[in-house]
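Here is a short briefing on the structure below. It takes confidence first, then selected local features.

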Protein chains: 2
Amino acid sequence: MRSKTRPFTRRAVLATTLGATLAGRAIHGAVAQTDPLPSWNDGSPKQSITDFVARVTTPGGTEFVPVEQRIAVFDNDGTLWCEHPMYVQLAFVLDRVKDLAPLHPDWKTKQPFQAVLEGDMRALAASGEKGLMELMAATHAGMTTDEFAKIVSAWLATARDPRFKRPHTELVYRPMLELLAYLRANGFKTFIVSGGGIEFMRPWSEPIYGIPPEQVVGSSIKTRFEMRDGRPILFRLPELNFIDDKAGKPIGINQHIGRYPIAAFGNSDGDLEMLQWTTMTGGLRFGLIVHHTDAEREYAYDRDTHFGRLDKALDAAAINKWTVVSMKSDWKRIFAFQ
Amino acid sequence: MRSKTRPFTRRAVLATTLGATLAGRAIHGAVAQTDPLPSWNDGSPKQSITDFVARVTTPGGTEFVPVEQRIAVFDNDGTLWCEHPMYVQLAFVLDRVKDLAPLHPDWKTKQPFQAVLEGDMRALAASGEKGLMELMAATHAGMTTDEFAKIVSAWLATARDPRFKRPHTELVYRPMLELLAYLRANGFKTFIVSGGGIEFMRPWSEPIYGIPPEQVVGSSIKTRFEMRDGRPILFRLPELNFIDDKAGKPIGINQHIGRYPIAAFGNSDGDLEMLQWTTMTGGLRFGLIVHHTDAEREYAYDRDTHFGRLDKALDAAAINKWTVVSMKSDWKRIFAFQ
């Protein structure tokens with residue numbers, strides 16, 4: 001190694017719809033002229049975020065972190081967008097089965113497809129993990145990567161959340177969008193690290209979150225390279241490649257990012273190991289849990305729910321001094337349309 | 001999807017030892033005041049590079065590519081650094097076996113270890129893929145990810161190339177370092193996509209190439225997350241995860257980057273599918289092959305060699321109009337020390 005090589009420096013100014021308002025601001029610890037987190041109520045969680053950012057970005061400070069090491073990882077479902085009454089990707093699966101049903105007449109009497117077509121959630125649940133994998137294979141495999149991206153985009157353009165009657169991409173949390181932009185304005189590189197499908201998120205992560213495809217980590221199925229009509233394609237196979245959940249999250253982070261994040265944001269037990277990996281491996285680190293406490297504006301759930309259970313991670317938050325955000329009391333508004 | 005979202009824009013200014021000289025230059029197609037590729041002889045390959053960059057970076061041009069889509073992928077062995085007389089990672093494996101031998105007295109009479117300890121390259125080759133996997137397991141697994149990174153860094157600090165008697169990190173191609181910096185100065189994000197080990201490259205890719213760990217794609221073994229003495233670790237397992245070579249390269253690119261590169265750089269048949277994936281999927285794209293033609297300053301090999309065979313990809317270059325660089329005639333100098 002050439003020890004005289006200068007430290008590698010990088011400055012990334014990201015302008016998104018949201019971030020543009022922050023773009024004029026200095027990167028390093030300047031006093032903000034306007035509140036960078038206007039949807040956050042003043043209080044301990046907001047203070048903990050701005051304190052952390054000030055400490056790691058103040059040049060010459062003992063806790064200064066060089067810009068290339070400012071890696072922040074975000075869970076997606078329940079942390080950046082709404083995961084109730086079911087994961088958005090599951091809603092996609094169910095709709096997709098209905099769309100494809102005319103091509104598969106046998107599905108009418110074949111589980112787990114019959115359960116989906118009849119809206120029988122109990123029978124669907126009874127089909128278990130095996131049933132889910134069959135549904136994933138039928139809806140996520142058997143096409144090229146480009147074709148799948150188009151299917152996802154077309155579905156998102158028309159699908160509506162059953163309660164709010166809005167596109168799922170409008171059910172993203174405004175305070176978290178502000179947080180993403182605030183971190184990026186302070187030199188952070190923001191990544192999604194989600195149990196959801198990596199190829200399900202990439203078609204929209206950049207316009208919605210300002211997170212480019214190469215900064216999305218998620219679960220995946222295997223693909224096969226082949227030449228088709230003289231053109232190279234990747235064909236999606238009905239075979240699991242990687243599950244980016246629980247202990248899989250640190251593995252996915254190491255595989256894709258290759259260095260420790262210094263800040264992690266989650267909302268459920270699926271994020272426990274990611275929060276541990278981020279905050280318990282040395283130096284000043286930041287962990288945050290979004291606690292769903294607002295049944296009126298969104299949902300209230302934690303220890304006893306199917307999607308996004310928050311139990312062990314809530315206990316661990318107290319021990320590890322992770323910031324716990326109450327959506328009800330800490331967020332002025334949840335969605336942009338509210 | 002919110003169609004009114006502004007296009008995502010990003011500007012990354014990377015300053016490395018090399019890149020610093022380029023940092024003052026405008027990002028978009030400005031006339032260079034000094035030659036950005038001083039180690040390249042004038043001629044068709046150099047011209048093809050600067051023409052391509054001018055075309056994709058000229059605002060308003062029909063071939064303009066937004067900065068976030070300027071993805072360039074580089075093979076490592078034989079493309080960015082010397083791969084003869086053997087892959088550097090193989091030299092690491094052989095040295096590591098010798099270092100570990102005192103802990104394993106049985107290796108003296110057990111293949112493929114015996115072959116390594118006795119320097120019997122014929123017996124080593126005879127052990128085949130199975131033998132290689134045993135060596136990989138013995139040298140690359142059984143420690144944490146942090147421990148492995150330290151082992152690699154310590155080895156690179158002392159290992160010397162047998163012919164040039166220099167650290168392997170000095171056997172990087174100066175013209176390619178200039179090319180990396182030139183592309184980055186023009187808004188490109190540069191990635192390594194190598195058949196080599198992802199964790200073998202990451203400890204030094206940033207100081208040597210200016211390529212951060214999150215932009216390194218490579219082969220990998222599986223890891224397991226666990227808590228050890230109250231601290232989370234990833235333990236490296238003797239189990240293959242992914243081979244990022246040949247048809248694996250487009251798969252690795254899709255998995256890690258999630259969009260098409262617009263430029264690809266390789267030197268062997270292992271890069272054929274990456275070059276196809278990059279250049280045959282629409283729009284103005286750029287493919288380049290480094291042809292090892294200089295036995296005096298480096299090595300001369302192509303169709304008949306064990307490391308870095310260039311045969312099918314050389315034929316494909318003519319058909320697909322990929323730029324073929326002759327190291328002998330197109331590069332003024334190869335290594336910085338020459």
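Where pLDDT is low, the predicted coordinates should not be read in detail. This is a predicted model, and the points below go from its scores to single residues.

**Confidence**
- The mean pLDDT of chain A is 91.
- In chain A, 90% of the residues reach a pLDDT of at least 70.
- For the model, ipTM is 0.90 and pTM is 0.91.

**Cis peptide bonds**
- In chain A, the bond from His84(A) to Pro85(A) is cis, and omega is near 0°.
- Pro85(A) sits in the loop between β2 (71-74) and α2 (88-100) of chain A.
- In chain B, His84(B) and Pro85(B) are joined by a cis peptide bond, with omega about 0°.
- Pro85(B) belongs to the loop between β2 (71-74) and α2 (88-100) of chain B.

- Thr305(A) lies in the loop between β8 (300-301) and α11 (312-320) of chain A.
- Thr305(A) counts as buried because its relative accessibility is 14%, and buried means under 20%.

**Nonpolar surface patch in chain A**
- Met133(A), Leu240(A) and Ile243(A) make up a nonpolar patch on the surface.
- Together, these three residues have about 240 Å² of accessible area.
- Leu240(A) is part of strand β5, residues 231-242 of chain A.
- With a relative accessible area of 40%, Leu240(A) is partly exposed.

**Positive phi in chain B**
- Lys165(B) is not a glycine, yet its phi is positive, near 55°.
- Lys165(B) is in the loop between α6 (145-158) and α7 (174-185) of chain B.
- Lys165(B) has a relative accessible area of 60%, so it is exposed; the cut-off is over 50%.
- Lys246(B), also not a glycine, has a positive phi of about 55°.
- The loop between β5 (231-242) and α9 (248-256) of chain B holds Lys246(B).
- Lys246(B) is partly exposed, at 44% relative accessibility.

Note on methods. Residues numbered from 1 in each chain as written. Chains lettered and ligands numbered in written order. Predicted model: local features only at pLDDT ≥ 70, side-chain atom pairs only at ≥ 80, totals over all residues. Heavy atoms only, no water. Helix = DSSP H or I, 4+ residues; strand = E, 2+ residues; numbered from the N terminus. Buried < 20%, exposed > 50% of the residue type's maximum accessible area, 1.4 Å probe, protein only. pLDDT = per-residue confidence, 0-100. Patch = residues over 30% accessible without salt bridge, like charges linked within 9 Å, V, L, I, M, F, W, Y side chains within 5 Å. Areas by Shrake-Rupley, 256 points an atom, 1.4 Å probe, with all protein chains shown as cover. Salt bridge = Lys/Arg side-chain N within 4 Å of Asp/Glu carboxyl O.
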